[in-house]
Amino acid sequence: MPIKLDKYILLFVPFFLLFYSESLNIGGVTISQLWKMPLLIYLIYYLFQYRHKLSPAWTQGYYWLSLKHLVNSGGINYLFSNIQTGISFLFLPLLFNYFQNKFNKENVEKMLLCISQYFILTNIPFLFFNLQTQESGNTYGDDVVAYTGIFQNQHAMSCIMGICIIVLLYFFKRAFFKSWPIRIYNALLLIMAAYAMYLGFARTGWVMCGLGIIVLFLPRNVNAKQWVGIITTAIVLSVGFTFMMVTNKNFHDRVLDINIKTGKQEKLGSGRGVYIANALELYASGNAFELAFGKSMTDLKEYEYQKTGMRIYAHNGFATLLATDGAIGVLIKLISMTLLLAFIIKRKHCHTYNAALAFWMMNLSFQLTQGGHVFHSDLLYALTFCMLQFESEEKCVEYSEA
């Protein structure tokens, strides 16, 4: 355990209750807003009052991207909506700066492991005690409803479980778990997370997790023995995938976008191509200012509603950003992601390098297939990038002493 067992159990209770109740509404305000807004204010206050370490360039990019959301053609009419959208980009850099300045490597390492375990453990009341979820997943048949757990939808659940799987595999790779009971416990958590992902029927999470595993275990200098391990793993996964396709109709139909009720082939990507095309069409219809600075998230959702009957975003982070923040918004986003990648690659000598690179690739995959930012994911990303930074600082000290 990353902390003492009694404390580990006691802290899980408020952790579960907090995230389980997030969607509850009190006087028009959700629990999620009630605790995240004070947290955001505190993180900003801490950044200005107690920061004593330089912020990496990539964090500056995300801060500018958040501010950019205030400047578009809907900046006056939809100011509150723009602020809400912009805030979603703040948590990743703010959490990184907070952990970097407040804690040391050991603390951050324990938090990363503990929070990942907690997110997986939140599945127990739903999977084994029939607790009802606060959010309903998409229905794929008369008796098939996608599992959501404590999260807002099955996509968020699946993606977060995928990230938690990578975290646990990272600690297994590091031989962090010393005793057999601890190893068995974490192995069971891996199985539970994978099962939850399967029940979510969200291919976004499946792709993210598969990509993350490949990057995490990709050796820097591959020898013959490692190639045998890689090939063996690929064969096992392929056989398992084929078995599920043959024996599980729900899995088969979800992978191939076949409607379980009608048996007909749906649009590739559950209509993502249509949503993306609508966003690009909206962007192309703008004037010079809107081409540069975008319209707004409200305008995009209204346009999608006119076209599809649903108030949704484009299900592609870059297409969504192009419509809502224009070419300038997309440019800032690409610069921010490139700076973050450079930050990671510069620290390739560190233990956490593969995990950090896996998360960068997983986030890119998420932006291409879904888009947006999820607080739970950003929390785990920030902890991992912070560990990478601490390890880099330790290596620099070692080199200077040598």
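This is a predicted model: local features need pLDDT of at least 70, side-chain atom pairs count only at pLDDT 80 or more; totals for chains, interfaces and linings use all residues.
**Stop 1: the nonpolar patch**

Select W64, L67, L70, V71, L79, I83 and F289, and show the surface. Together these residues make a nonpolar surface patch of about 650 Å². Next, colour helices α3 (57–68) and α4 (79–87); each of them supplies at least two residues of the patch. Then pick out I83, which is found in helix α4. I83 has a relative accessible area of 35%, so it is partly exposed, and it is one of the residues that make the patch.

**Stop 2: helix α5**

Move on to helix α5, residues 91–102. Is this helix mostly covered or mostly open? It is mostly covered, with 11 of its 12 residues buried. Select the buried ones: F91, L92, P93, L94, L95, F96, N97, Y98, F99, Q100 and N101.

**Stop 3: salt bridges**

Side chains of opposite charge can pair when their charged atoms come close. How many salt bridges are counted in this model? The count comes to 8.

Begin with K36 and E22. Their side chains meet in a salt bridge, at 3.1 Å from N to O. K36 lies in helix α2 (residues 31–50), while E22 sits in the loop between α1 (5–20) and β1 (25–26), so the pair ties together parts that are 14 residues apart in sequence. K36 is buried, its relative accessible area being 11%. E22 also counts as buried, at 6% relative accessibility.

Now select K53 and E393. The side chains of K53 and E393 meet in a salt bridge too, with 3.7 Å from N to O. Which parts of the chain does this pair tie together? K53 belongs to the loop between α2 and α3, and E393 to helix α18 (residues 375–401), so the parts joined are 340 residues apart in sequence. K53 counts as partly exposed at 23% relative accessibility. E393, at 27%, counts as partly exposed as well.

The next pair is E109 and R174. In this salt bridge the closest N and O atoms are 3.9 Å apart. E109 is in helix α6 (residues 105–121) and R174 is in the loop between α8 (154–173) and α9 (180–200), so the two tie together parts that are 65 residues apart in sequence. E109 is buried, with a relative accessible area of 9%, whereas R174 is partly exposed at 28% relative accessibility.

**Stop 4: the cysteines**

Finish with two cysteines, C350 and C386. Are they buried or exposed? C350 counts as buried at 1% relative accessibility. C386 is buried too, with a relative accessible area of 0%. How many disulfides does a search of the whole structure find? The search finds 0.

Conventions
Residues are numbered from 1 along each chain as its sequence is written. Side-chain values use heavy atoms; hydrogens and water are left out. Patches are made of residues with over 30% relative accessible area and no salt bridge: like charges are joined within 9 Å, nonpolar side chains (Val, Leu, Ile, Met, Phe, Trp, Tyr) within 5 Å. Accessible areas come from the Shrake-Rupley method with a 1.4 Å probe; for residues, only the protein chains shown count as cover. A salt bridge is a side-chain nitrogen of Lys or Arg within 4 Å of a carboxyl oxygen of Asp or Glu. Helices (H or I, at least four residues) and strands (E, at least two) are DSSP runs, numbered from the N terminus. Buried means under 20% relative accessible area, exposed over 50%, partly exposed in between (1.4 Å probe, protein chains only). The expected span of a helix is 1.5 Å times one less than its number of residues. A disulfide is a pair of cysteine sulfur atoms within 2.5 Å.
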